[in-house]
Amino acid sequence: MRKLTRFTTLSLSLSLCGRILLGLSAATAATFAVSPIVLAAPKASKSIAVHVEGPNADAIREDILSIVPKTLEVVEPAAFSKALKGAGQTKPVGDAVVMKGLRKKPLDRIRKAGKTVKAEGVIYGVSRTNKKKKKEVYLVYVDENAGDLAVDGAVPLGGSDDDRQKALEDLLGPTLAQIAPPPADEKKDGGGGGDGDGEGDGGEGEGEDGGDGDGEEKAEGEKDDAGPARKRNDVRSALFSVELGVEFVGRWFDYSDPLSQNLRPYNVFGQPALSVSGELYPLAGTNIAVLKGLGITAGYARALGLNSAVGDGDPLSTTYQRINLGLRERLTLGESTVLGISAGVRFVTFEVDAPEDIAATVPNVDYTIFRAGLDARIPAGPVALALGADYLMPLSSGPVYDRFTGASVQGIGATAGVLIPVAKGIEARLLVEYARFFSSFQPELTDDYAAGGATDQYLGIRLAGAYIY
């Protein structure tokens, strides 16, 4: 009956995830079907080219694109690269863009390439290591004017993503704001202001008769309220993340107030295990409230080569595995703190393959657990801190608890760790996870197994790498 309960719970959990995915897909389709005007990209009358060379060029370019106003079109990178070669710049510019005595010819070629692709200007960056052995991207803005450059400076590549983003905005923001056309609704407000009351009345009347003016203003307003597009490799708006790691696990099982002599405690620590986990946010690229932050989570861990022994007896093959399935709502607090609210099911198996004469004394468990929890990711300088807490409610517990009268089991969990950025979208993680199950029994005089209760504790220290998209 225990296996049937676990299978039924797993089936219900998978069915729930499937229904939610189906609902999210339908919501996305409906949104695009009924709101084509709202979701359409704003038209632009000007364009720029963005080109970065050197290490991590693609990631740096993505950072720059994230601060380009929506009213500016961006030239396709392949088209600009072709124009740059056609202008005679067949090799990377490199440090020549920094040295004012050597930069004239490269800048002339960049300027010529910009004219070829009909760009208002070119943001050209060189990712490099400067004389102080610090990584930076040196940026210039090249337009048709051959005089002083509107942008001519470096942005450090060290520090946090937020620090780098702010430095890019400080350097490029004023120039981009100056050349970007105003949004369509601002143009309309300016034109409708008029110099006299007669023109204003005429504009109002036109909107009432045709209905187009009000409709367009509403669409633009909705678009502005929709918020920024999803940023790639950002934990606040990631489409998915995957983690792979090695975990060193421990377990401690002990009885409180033991009354019979056939109760055997258990402990092990430092056993290696492999773990893999992931999160998927199907609607992260939309601006649908609540649903854009709703994700599906899954994880699996299993100990490798775990054996147990009773006293000086022979090693006994032991299985320890953990499966997680659930949903998580991702919320952003302030500019960079991420809060998660999650719920789901967890399956924990710890089973010693013991011979019949001692099988009834080993603390085998097979938990099916409902889990609800909170977690937070808090920036702390160049790294981030991970904190979490869970409430664990076992729906079924397994053989060791079946021996006792009136067994009642509850649990709690906690997580803490450090998340260290390695490259764009990639981070190293050091995490400590703890779970504690505490039970109480109602022993009777005729019971073969009698105790006041038991505690079952699990500790995992995980070293992992993660990719965030």
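## Nonpolar surface patch

A nonpolar patch on the surface is formed by Val246, Phe248, Leu274, Leu304, Ile378, Leu385, Leu387, Val418, Ile420, Leu430 and Leu463, which together have about 840 Å² of accessible area. Strand E6 (240-258), strand E13 (383-396) and strand E14 (408-423) are the elements that give two or more residues to this patch. Patch residues have over 30% relative accessible area and no salt bridge, and nonpolar side chains (Val, Leu, Ile, Met, Phe, Trp, Tyr) are joined within 5 Å. A salt bridge places a side-chain nitrogen of Lys or Arg within 4 Å of a carboxyl oxygen of Asp or Glu. Areas are calculated by the Shrake-Rupley method with a 1.4 Å probe, and for residues only the protein chains shown count as cover.

The model is predicted: local features need pLDDT of at least 70 and side-chain atom pairs count only at pLDDT 80 or more, while totals for chains, interfaces and linings use all residues. Residues are numbered from 1 along each chain as its sequence is written, and side-chain values use heavy atoms, with hydrogens and water left out.

Val246 is found in strand E6; strands (E, at least two residues) and helices (H or I, at least four) are DSSP runs numbered from the N terminus. Val246 counts as partly exposed because its relative accessibility is 34%, where buried means under 20%, exposed over 50% and partly exposed in between.

Ser241 also belongs to strand E6, and is buried at a relative accessible area of 13%. Leaving out residues up to four places away in sequence, Ser241 touches Ser277, Gly278, Glu279, Tyr467 and Ile468, contact being heavy atoms within 4.5 Å.

## Aromatic pairs

The whole structure holds 15 aromatic pairs. Rings of Phe, Tyr and Trp (its six-membered ring) pair if their centres lie within 6.5 Å; planes under 30 degrees apart are stacked, over 60 edge-to-face and the rest tilted. Tyr320 and Phe350 form a tilted pair, 5.7 Å centre to centre with 45° between the planes. This pair links strand E10 (residues 316-333) to strand E11 (residues 337-352), its members being 30 residues apart. Both Tyr320 and Phe350 are buried.

Phe404 and Phe441 are stacked, because their ring centres are 4.1 Å apart and their planes at 10°. Phe404 is buried at 7% relative accessible area, and Phe441 is buried at 8%.

## Charges over rings

The charged end of Arg251 sits over the ring of Phe350, 4.5 Å from its centre. Arg330 lies over the face of Tyr281, 3.8 Å from the ring centre. Such an arrangement requires NZ of Lys or CZ of Arg within 6 Å of the ring centre and within 35 degrees of the ring normal.

Definitions and conventions: Patches are made of residues with over 30% relative accessible area and no salt bridge: like charges are joined within 9 Å, nonpolar side chains (Val, Leu, Ile, Met, Phe, Trp, Tyr) within 5 Å. Buried means under 20% relative accessible area, exposed over 50%, partly exposed in between (1.4 Å probe, protein chains only).
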